[in-house]
Amino acid sequence: VNSRCQQGRTPQKQRKNTSRVPDRCRDDVRKMYKALLEDDNDFDGFNLTETVDSLENRQVMQTIQLEIIRDYGGEHKCPFAPKEVRDAARRYYRSQRDDRVRREKGHLTTHRMAMRKAQRLTQKVQRRRRALEKCQ
């Protein structure tokens, strides 16, 4: 039995989306989202009170996708598949929504510290694996 279940918490759902989105695509989606928010246009960003599949949020994702394609100079020059951009935007929506929930509950700073610690540990393990591979 999972220890989270014993504590009265329900385990997180497994994500259906297991496709790997390139880091550059995720960065471009995040930067484009922030750039669109800063511009003086009618782009309001994600509605975090609705689901990611709501009409409003789908329009936001489509706008991000079109702007990324335009930024690269056309669909044939964009290095990302439409599915990759869509998956990156969905992931960014989840990140924004989760941050909002953590902020409301007062857990944002503790979560960020835990994630930084976990990232440092992951990087340490990766460095040691690379060093071990070089030795062999």
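Is Tyr72 buried, exposed or partly exposed at 23% relative accessibility? Tyr72 counts as partly exposed. Buried means under 20% relative accessible area, exposed over 50%, and partly exposed in between, with a 1.4 Å probe and protein chains only.

The model is predicted: local features need pLDDT of at least 70, side-chain atom pairs count only at pLDDT 80 or more, and totals for chains, interfaces and linings use all residues. Residues are numbered from 1 along each chain as its sequence is written, and side-chain values use heavy atoms, with hydrogens and water left out.

**View A. Helices α2 and α3 cross.** The axes of α2 and α3 come within 10 Å and cross at roughly 105°. The two helices are therefore roughly perpendicular to each other. Angles of 65 to 115 degrees count as roughly perpendicular, under 35 as roughly parallel, over 145 as roughly antiparallel, and the rest as oblique. Axes are lines fitted to C-alpha atoms, for helices over the stretch in contact, and angles run from 0 to 180 degrees between N-to-C directions. Helices are DSSP runs (H or I, at least four residues), numbered from the N terminus. Residues of α2 in the contact (heavy atoms within 4.5 Å) include Met32, Tyr33 and Leu36. Those of α3 include Ile64, Ile68 and Tyr72.

**View B. Lys31 on helix α2.** Lys31 lies in α2, residues 23–38. Lys31 is exposed, at a relative accessible area of 56%. Lys31 and Ile68 are 37 residues apart in sequence, yet 9.7 Å apart in space, C-alpha to C-alpha.

**View C. Aromatic pairs.** The structure holds 5 aromatic pairs. Rings of Phe, Tyr and Trp (its six-membered ring) pair if their centres lie within 6.5 Å; planes under 30 degrees apart count as stacked, over 60 as edge-to-face and the rest as tilted. Tyr33 and Phe46 are stacked: 5.1 Å centre to centre, with 20° between the planes. Tyr33 lies in α2 and Phe46 in the loop between α2 and α3, so the pair ties together parts 13 residues apart in sequence. Both residues are buried. Tyr72 and Phe80 have ring centres 5.8 Å apart and planes at 85°, so this pair is edge-to-face. Phe80 counts as buried, at 10% relative accessibility. One aromatic cluster is formed by Tyr33, Phe43, Phe46, Tyr92 and Tyr93.

**View D. Helices α4 and α5 meet.** The axes of α4 (residues 82–105) and α5 (residues 108–135) come within 7 Å and cross at roughly 125°. That makes α4 oblique to α5. Asp99, Arg102 and Arg103 of α4 make the contact with Leu108, His111 and Arg112 of α5.
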